[in-house]
Amino acid sequence: MDDTMQHTGPGPRVAVVCLGNICRSPMADVVLNARLAEAGADVVVHSFGTASWHVGKPMDERSAATLSARGYDATQHRASHFTAAHAGAYDLVLAMDEANHADLLAIGVPADRLRRFRDFDPEPGDGNVPDPYYGGEEGFHDVLAMIERSADAILAHVTGVRR
Ligand code: 4NP
C-alpha cells in the first residue's frame, strides 16, 4: 500500500475494530467522525467488534462518560459485528490490538488494508490499545489519549492531506 491512498470517486472507508465494539473502537469512531466533521472531509468511518456479544447495544457507560467529559457525543453508537461480509468493504481496517489483528486476518481482511491503530500513534508503546473493560476508569482515559494522539495521522493517511 502507498503511504497515502488516493481516491477519485467516493471517499475512503475506514473500519476500526476491537473485540466487543462497546469500549475502544466506539471511542475511536466518535473521535474520528468528530474530526472529519470539523474538517469537512469525505471519509466514512465505522466501528465493529470481532465478537457479536453486544450487537445493538450502546457503548460501555465508562467509554461514554470519558467521551462526554471531553465534549464528544457518545449517545449514537450501537454495537456491530465485523464478519467476512465486511472483509473487502473498507480501504483501511484498523485493529485495536494484536488479537483483533489476527482475527481480522483470519476473517479475510487483505493484509495490505489491515493496520494496527497505534501504527499511527506518535507514542505507540507496544502497539496495542489495551482492553479497558475489566479495569478501572483510568484505562478509559488512557485509551482516549491514544485515540486523540493518533486521529490526525489516520485521517492524513487516508485523505493524503496533512492538517
Ligand atoms: P472492547 O472491550 O473490545 O474495547 O469493546 C470489551 C468489551 C466487552 C468484552 C471484552 C472487551 N467482553 O468480554 O464482554
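Residues are numbered from 1 along each chain as its sequence is written, and side-chain values use heavy atoms, with hydrogens and water left out. Because the model is predicted, local features need pLDDT of at least 70 and side-chain atom pairs count only at pLDDT 80 or more, whereas totals for chains, interfaces and linings use all residues.

Burial is expressed as relative accessible area, with buried meaning under 20%, exposed over 50% and partly exposed in between (1.4 Å probe, protein chains only). In soluble globular proteins, nonpolar side chains tend to be buried together.

When neighbours within four places in sequence are left aside, V16 is in contact with S25, A28, L32, V45, H46, S47, F48, L94, M96 and F117. F117 is placed in the loop between β4 and α4 and is buried, with a relative accessible area of 0%. With its neighbours within four places in sequence again set aside, F117 is in contact with V16, A28, L32, L94, A95, M96, V129, M146, I147, S150 and I154. The C-alpha atoms of F117 and L94 are separated by 5.0 Å, although these residues are 23 residues apart along the chain.

A salt bridge is taken as a side-chain nitrogen of Lys or Arg within 4 Å of a carboxyl oxygen of Asp or Glu, and by this rule the count comes to 8 salt bridges. One of them joins the side chains of R24 and D97, at 2.9 Å from N to O. Since R24 lies in helix α1 and D97 in the loop between β3 and α3 (98–107), the pair ties together parts that are 73 residues apart in sequence. R24 counts as buried at 2% relative accessibility, and D97 likewise counts as buried, at 13%. At the start of α3, a side-chain oxygen of D97 also reaches to within 3.0 Å of the backbone nitrogen of A99, while α3 is followed by G108, whose phi is positive, near 115 degrees. In a further salt bridge, the closest N and O atoms of D60 and R62 are 2.8 Å apart; D60 counts as buried at 12% relative accessibility, whereas R62 is partly exposed at 25%.

R149 forms a salt bridge with D121, with 2.8 Å between the closest N and O atoms. Because R149 lies in helix α4 and D121 in the loop between β4 (114–116) and α4, this pair ties together parts that are 28 residues apart in sequence. R149 is partly exposed, with a relative accessible area of 29%, but D121 counts as buried at 5%. Salt bridges that share partners join R118, D121, E123 and R149 into one network. R118 lies in the loop between β4 and α4 and is buried, with a relative accessible area of 7%; a polar atom of the R118 side chain lies 2.7 Å from the backbone oxygen of E123.

The ligand is surrounded by C18, L19, G20, N21, I22, C23, R24, W53, H54, D131, Y133 and Y134, each with a heavy atom within 4 Å of it. Oxygen atoms of the ligand lie 3.2 Å from a polar backbone atom of N21, 2.9 Å from a backbone N or O atom of C23 and 2.7 Å from a polar side-chain atom of R24. The protein covers 93% of the 350 Å² of accessible area that the ligand has on its own, as computed by the Shrake-Rupley method with a 1.4 Å probe.

Note on methods
Contact means heavy atoms within 4.5 Å. Helices (H or I, at least four residues) and strands (E, at least two) are DSSP runs, numbered from the N terminus. A polar contact is a pair of N or O atoms within 3.5 Å; within protein, one must be able to donate a hydrogen and the other to accept it, and residues adjacent in sequence count only if both atoms are side-chain atoms.
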